[in-house]
Amino acid sequence: MPLKQLPLVMVLLAASLGSAKHDHAVSAKGLSQGKFQSPAARAAALYRLPMVKAFAALSKLAYCGPGPMKPWLSGPRYGDAEEMPKVVGASCGPYCEEAGFRLGTTLLVSRGDHGQKNADFAFVSQLESTQKGRPPFAQCIISFRGTWVSPANNKVNGNTSLVEFQTPSCPSGCKVVGGPYAMWNRMEPDILKQLDALGCKTGSTIALTGHSLGAQLASIGMFFLSEKGYDIALSFTFEQPKPFNKKAVEVFEQVLTKHRPVSFFRVTHTNDKVVTYPGHSSIYQPGFQVWYESSTSDAKYKLCGTQLEAPTCGSLGIPKDQLCNMQGGNPEWLMCGGSAPMGGPHCISPVAPALNFCSMAGSSQVSINFLTSYSATCLMGNALANEAVFPTSSPGAWPIPPNKTKAGHPTTPSLLVGAPAPAPPPVRMPPLHKSPKKVPGAKSKSMPGHVDCFQNDTYATPLGMYGHMVSQEESAFACQKRCQQTAYCEMFSFYSWKSMQLPGGTCEITGGWGDYAPGMAGSVAGPKSCRKSRPRLSQAEKTALYANYMQYVGSQLNPQLTMGYEKKTGGLMGLGVPERFSLGQVLCLSFSMLVVGACASLAAARATGRLVGARSARGAGGPMATLMTAQEHDLERLVE
């Protein structure tokens with residue numbers, strides 16, 4: 001080993017696990033004054049957790065981009081192109097502001113590929129500082145979407161051939177992975193056009209980010225935009241596949257470290273296999289790797305360095321047979337926590353909003369939660385911080401405990417790390433109401449074993465109230481109680497899991513604009529209260545009540561985005577079962593919540609699209625005198 005490399009290697013070996021607190025203790029001022037002389041210390045000074053999480057939020061929001069299908073027909077899997085700019089600004093708000101900036105104008109970059117519309121997607125945003133007297137760290141930021149449109153994106157990932165390219169800094173010998181490079185070449189003209197439209201012309205300081213394939217594109221973009229004269233700000237990517245050959249990585253690091261010790265931070269965690277893909281030994285990773293040992297805690301991480309400096313650090317040092325495949329098929333002893341997008345170490349991340357880059361619900365336990373949360377975030381701009389419904393099923397920390405290791409494999413990985421972190425407590429989505437307080441002196445009445453007001457093999461339609469997801473309850477009585485504690489709820493539907501020899505069941509609640517429908521075997525439906533009759537409303541009264549409810553919901557989410565989405569979906573298509581939500585789909589939804597998750601996804605998406613759409617309802621005017629407001633509902637519950 002050359003002597004000139006020895007100090008750097010010793011520093012990297014001496015760098016211990018960082019902590020979330022450390023990024024506040026080390027300031028950029030100290031870096032500029034030269035107080036941190038070692039490369040590892042200088043890197044630690046630049047690694048600020050609030051900025052990491054802001055970049056992670058922007059990477060996740062790229063998954064809200066448009067796709068081949070309209071959002072209300074896609075599951076929903078894709079967002080809306082016209083609403084996307086507002087969604088990005090509204091949803092990143094708390095994360096971006098914590099990092100000292102906010103988003104200005106956002107423009108989209110979207111190209112078709114392999115016959116699929118919007119297969120390639122990124123968004124470009126202006127940056128504005130929230131710190132008085134300080135400019136933003138960059139003028140614009142580009143966020144690329146990862147693998148999302150199938151089969152087009154999968155075909156991109158499958159092209160791992162190396163293609164030679166020439167730039168002023170690398171006239172020969174530099175190569176890039178063919179699939180992502182072709183995708184970059186399709187998107188580059190539009191990216192340059194949008195940057196120019198936002199005032200970020202050649203010479204401007206820009207940042208790039210992305211997750212998975214999006215991260216791979218971001219690193220390729222850093223290289224080529226730098227060669228075109230842009231100043232690349234310190235950026236962060238997440239769970240990035242390998243993009244270049246060794247020569248290109250060497251030139252990349254030289255070009256992007258002219259004015260700072262780190263080209264960009266490449267964030268990884270636990271044992272994700274994707275960061276080692278493509279598996280050819282001739283393909284390398286650029287960037288300074290920061291590796292987290294846990295899937296659920298951002299408290300401990302390791303500053304590894306580049307692959308050229310530390311080829312066996314972090315995820316690069318984990319044996320191949322202990323890496324988790326993204327699409328499942330992993331042995332139990334690996335504790336991979338399911339497959340993407342709802343589980344597994346590729347999408348689960350301790351720095352991602354709701355601990356998941358690919359699922360707006362951050363959960364693999366109830367697929368329908370993903371749909372409701374996706375709608376709230378990607379179509380209405382609700383804060384990403386409020387998405388988590390259940391804790392992730394991904395393993396808490398690396399390494400695998402010795403007693404869980406498969407026979408014949410080493411009991412301890414050949415890298416450091418402490419004891420596994422404890423699993424986090426369950427996270428509940430805050431409701432759109434406040435639970436009623438108990439009235440002093442009120443007598444509680446026990447529910448009888450048989451209730452005449454409950455109707456067997458019946459459900460309340462339309463299923464679900466916007467903002468309230470399917471929940472798991474112990475019984476129909478518990479489901480009714482949930483309805484009693486929710487503003488505007490008048491009816492409930494409970495489907496028991498008794499036929500599958502499982503306890504409890506699923507519960508959905510419906511407002512006074514709904515009605516009962518027969519033909520749902522195993523389902524029980526009933527009113528909010530068995531002590532008084534449910535109000536019978538005319539169609540006009542139901543419409544006005546629904547308008548009142550949507551105003552109530554909109555006041556807590558984002559009314560402007562709600563109205564915009566209503567126009568896309570065509571407003572309220574008649575209360576009950578609208579044209580695009582057939583009875584067959586209703587039945588499919590209720591049964592497939594338990595059996596077929598994909599079918600539930602389709603039906604729930606359409607339910608969400610319909611429930612958000614209340615243009616005609618709002619157009620009906622203010623609430624009628626005969627209808628109760630949310631406050632009156634709260635009062636009624638207190639005296640009931």
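1. At 40% relative accessibility, Asp196 counts as partly exposed, a class lying between buried (under 20% relative accessible area) and exposed (over 50%), with a 1.4 Å probe and protein chains only. Its salt bridge partner is Lys201, with the closest N and O atoms 2.7 Å apart; a salt bridge requires a side-chain nitrogen of Lys or Arg within 4 Å of a carboxyl oxygen of Asp or Glu. Lys201 is also partly exposed, at 44%.

2. The model is predicted: local features need pLDDT of at least 70 and side-chain atom pairs count only at pLDDT 80 or more, whereas totals for chains, interfaces and linings use all residues. Residues are numbered from 1 along each chain as its sequence is written, and side-chain values use heavy atoms, leaving out hydrogens and water.

3. The whole structure contains nine salt bridges. One of them joins Asp298 to Lys53, with the closest N and O atoms 2.6 Å apart. Asp298 lies in the loop between β13 (288-292) and β14 (300-305) and Lys53 in helix α5 (residues 49-61), 245 residues apart. Helices (H or I, at least four residues) and strands (E, at least two) are DSSP runs numbered from the N terminus. Asp298 is buried at 16%, while Lys53 is partly exposed at 25%.

4. Asp120 and Arg186 form a further salt bridge, their closest N and O atoms being 2.7 Å apart. Because Asp120 lies in strand β3 (residues 116-129) and Arg186 in helix α8, this pair ties together parts that are 66 residues apart in sequence. Asp120 is buried at 0%, and Arg186 is partly exposed at 23%.

5. Asp272 is buried yet has no salt bridge; the nearest side chain of opposite charge, Arg266, is 8.7 Å away. Asp272 sits in the loop between β11 (265-269) and β12 (283-284). Its side chain makes a polar contact of 2.8 Å with that of His346; such a contact is a pair of N or O atoms within 3.5 Å, and within protein one must be able to donate a hydrogen and the other to accept it, residues adjacent in sequence counting only if both atoms are side-chain atoms.

6. Gln216 belongs to helix α9 and is buried, with a relative accessible area of 4%. Beyond four places in sequence, Gln216 touches residues including Val177, Pro180 and Lys242, contact meaning heavy atoms within 4.5 Å. Gln216 and Lys242 are 26 residues apart in sequence, with their C-alpha atoms 6.9 Å apart.

Key:
Lys, Arg positive; Asp, Glu negative; His and termini not counted.
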